[in-house]
Amino acid sequence: MLLFVLTLLLSANLVSAHFELQYPVWRGDSFLPPASQYTFPCANVPTSATSNANRTLWPLDGGSLLIDFHHPWTYVSFNLGFGGNTSTFNISLNPMMLNETGNGTICIPKWTLPADLGVVEGQDASLQVITVGDSGTALYNCADIRFSANATLLSNDACQNSSGVDIYPLVQQSANGSVSGATTVTVTASGAAATATSSSGALRCVVGIGADGVADGAWIVVGMLSLAFAGWL
Ligand SMILES: [Cu+2]
């Protein structure tokens with residue numbers, strides 16, 4: 001029986017190399033059927049008594065994120081839904097989609113929440129992480145959290161990045177494909193602390209999108225990024 005279970009686990013992981021939401025701890029293992037990361041909004045992993053009792057405590061103004069990406073690259077979005085058992089994730093936490101490259105683990109020491117969210121002590125919520133790959137297919141994972149002033153960020157030891165893995169926001173682009181130079185921002189996750197630098201690296205994802213025909217005209221503005229990434233700097 002044990003061997004059977006191990007074999008099942010192994011094959012499930014081989015067949016579905018998508019992504020793992022490691023922190024906050026995901027609601028349940030979405031690699032195990034009947035879960036499927038293709039299923040909106042939370043990979044067919046419902047909130048249960050177990051997951052409700054196992055909520056990750058998150059600071060009121062935002063907390064750590066640890067995600068293991070299994071694909072060579074993907075776009076990423078973070079959404080929040082309030083309540084103990086919500087399927088409405090109507091609070092977007094990133095003004096711009098993020099472009100993640102490389103496969104491995106990325107840790108964001110602190111993802112700062114918008115100041116006007118009105119989060120209160122003891123409030124339950126769920127975090128939804130969506131990735132979109134080159135075929136336009138979306139994958140979903142959710143984590144159940146509870147906001148608490150006593151919650152801490154991940155320690156430096158726990159918040160480590162694999163080498164060669166980067167994540168950075170998409171940038172504004174004109175309809176003719178030009179990007180105004182000085183405002184290009186690349187967020188590079190390295191070591192325990194993510195840093196932000198100016199780089200042409202962010203251009204790669206803009207070009208990639210155009211080639212896929214997804215982008216059509218201008219992207220919204222880099223100025224908004226300061227809000228989302230204030231916690232990374
Ligand atoms: Cu996959």
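## What counts as a core

A nonpolar core is a set of buried Ala, Val, Leu, Ile, Met, Phe, Trp, Tyr and Cys residues joined through C-beta atoms within 7 Å. Buried means that 20 or more other C-beta atoms, placed from the backbone, lie within 10 Å of a residue's own.

What you're looking at is a predicted model, where local features need pLDDT of at least 70, side-chain atom pairs count only at pLDDT 80 or more, and totals for chains, interfaces and linings use all residues. Residue numbers start from 1 along each chain as its sequence is written.

## The overall picture

The protein has four helices and twelve strands; these are DSSP runs numbered from the N terminus, with helices being H or I of at least four residues and strands E of at least two. Of its 233 residues, 33% are buried.

## Strand 8 and its neighbours

Strand 8 covers residues 124–132, and seven of its nine residues are buried. Strands pair when DSSP finds at least two bridges between them. Strand 8 pairs antiparallel with strand 4 (residues 73–82) over eight bridges, and G81 has S126 as its bridge partner.

Strand 9 (residues 138–147) also runs antiparallel to strand 8, joined by nine bridges. Here A125 sits opposite I145. Five residues lie between the two strands of this hairpin, where G136 takes a positive phi near 85°.

## Inside the largest core

The largest nonpolar core holds 42 residues, and L66, I67, I106, V129 and C142 have the most contacts inside it. Strand 9 gives the largest share, six residues.

Technical notes: A residue is buried if 20 or more other C-beta atoms lie within 10 Å of its own, exposed if 12 or fewer, and partly exposed in between; C-beta atoms are placed from the backbone.
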